[in-house]
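User: I'd like to walk through this model with you. Can we start with the ground rules and then look at the details?

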Amino acid sequence: MSGNWVIGLTGASGAQYGVRLVQVLLDMAYDVHLIVTDAGWRVLQDELDWSASKRQDELEKHFGGRKGKYEYHPIANIGATVASGSFRTKGMVVIPCSMGTLSGIARGASDNLLERTADVMLKEGRKLIMVPRETPLHAIHLENMLTLARMGVRMIPAMPAFYNRPASLEDMIDFMVGKVMDSMDIEHSLYRRWGENNEQPRP
């Protein structure tokens, strides 16, 4: 495996999805460019007990020493490589995606590095996959999703299935990460597909 993917984590609940996706990609020898919003760091702290004041230590603890390499880009660094269309990547996944970030991307705001990088994906015609996490949804949320979907953005709401009989929280997380990787065109065995009776090993 090879290539660069940009992964963005925002302040929506569901930081586990983003962390797991980054780990799987690195284990498969993909290189990851990671962007985390300030609210995303707060959710990592609240949901996974990460220290928001020791960011680099936490990143190395959870993502270091794997086959692929990761590079962390601070949210305010608008001059980062990923902010330019001339920097080649396979695409970008925003997981989880808050409604605020969704709105900024739909409006082309580019108010921070994550929004700017998503705008680059749109203008360059690269894959942009978003995992919105909110409930209930009101009309503005839905209109923003429709705006982006009409531009070719793949919307994968954080809605785990149960036909695969998940036995743990990890199984439910892997299902969602697997659905995202399907849209990334990356082969995996994170969940048992419909019609498959055999249990699939975790990578």
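Analyst: Two strands pair if DSSP finds at least two bridges between them. Helices (H or I, at least four residues) and strands (E, at least two) are DSSP runs, numbered from the N terminus. This is a predicted model: local features need pLDDT of at least 70, side-chain atom pairs count only at pLDDT 80 or more, and totals for chains, interfaces and linings use all residues. Residues are numbered from 1 along each chain as its sequence is written, and side-chain values use heavy atoms, with hydrogens and water left out.

User: Good. Which residue in strand 5 is the bridge partner of V94?

Analyst: M130 is the partner of V94. Five bridges join strand 4 to strand 5 (residues 127-132), and the two run parallel.

User: And how many bridges join strand 1 to strand 4?

Analyst: Three, and strand 1 (residues 4-9) also runs parallel to strand 4. There, V6 has M92 as its bridge partner.

User: Is strand 4 covered or open?

Analyst: Mostly covered. Seven of the seven residues in strand 4 (residues 91-97) are buried. Buried means under 20% relative accessible area, exposed over 50%, partly exposed in between (1.4 Å probe, protein chains only).

User: Back to M92. What does M92 touch?

Analyst: Contact means heavy atoms within 4.5 Å. Not counting residues up to four places away in sequence, M92 touches W5, V6, L114, T117, A118, M121, K127, L128 and I129. The relative accessible area of M92 is 0%, so M92 is buried.

User: How far is M92 from L59 in space?

Analyst: The two are 19 Å apart, C-alpha to C-alpha, and 33 residues apart in sequence.

User: Switching to T37. Where does T37 lie?

Analyst: In the loop between strand 2 (31-36) and helix 2 (38-48). T37 has a relative accessible area of 10%, so T37 is buried. Its contacts, leaving out residues up to four places away in sequence, are L9, T10, G11, I75 and L114.

User: Now helix 1. How many residues does helix 1 have, and what span does it reach?

Analyst: Helix 1 (residues 15-27) has 13 residues and reaches 19 Å from first C-alpha to last, close to the 18 Å expected at 1.5 Å a residue. The expected span is 1.5 Å times one less than the number of residues. Of the 13 residues, 11 are buried. Among them are Y17, R20 and Q23. Just after helix 1, A29 takes a positive phi of about 75°.

User: What about the largest nonpolar core: which members touch the most others?

Analyst: I7, L21, L25, L34, M181 and M184, out of 41 residues. Helix 1 gives the most to this core, with eight residues. A nonpolar core is a set of buried Ala, Val, Leu, Ile, Met, Phe, Trp, Tyr and Cys residues joined through side-chain atoms within 4.5 Å. Leaving aside neighbours within four places in sequence, L21 is in contact with I7, V93, I95, V177, V180, M181 and M184. Apart from this core lies another, of 23 residues, including L113, L128, M145 and L148.

User: Why is helix 4 described as largely enclosed?

Analyst: Because seven of the nine residues of helix 4 (residues 99-107) are buried. Those buried residues pack against strand 4, helix 5 (113-124), strand 5, helix 6 (139-149) and strand 6 (154-155). G108 follows helix 4, with a positive phi near 70°.

User: Last topic, charges. How many salt bridges does a search of the whole structure find?

Analyst: Eight. A salt bridge is a side-chain nitrogen of Lys or Arg within 4 Å of a carboxyl oxygen of Asp or Glu. One of them joins D27 and R66, with the closest N and O atoms 3.0 Å apart. D27 lies in helix 1 and R66 in the loop between helix 3 (55-63) and strand 3 (70-72), so the pair ties together parts 39 residues apart in sequence.

User: Are D27 and R66 buried or partly exposed?

Analyst: Partly exposed: D27 is at 30% relative accessibility, and R66 is at 28%.

User: Which residue forms a salt bridge with R193?

Analyst: D182, with the closest N and O atoms 2.8 Å apart. R193 is in the segment after helix 7 (169-183) and D182 is in helix 7, 11 residues apart. D182 counts as partly exposed, at 25% relative accessibility.
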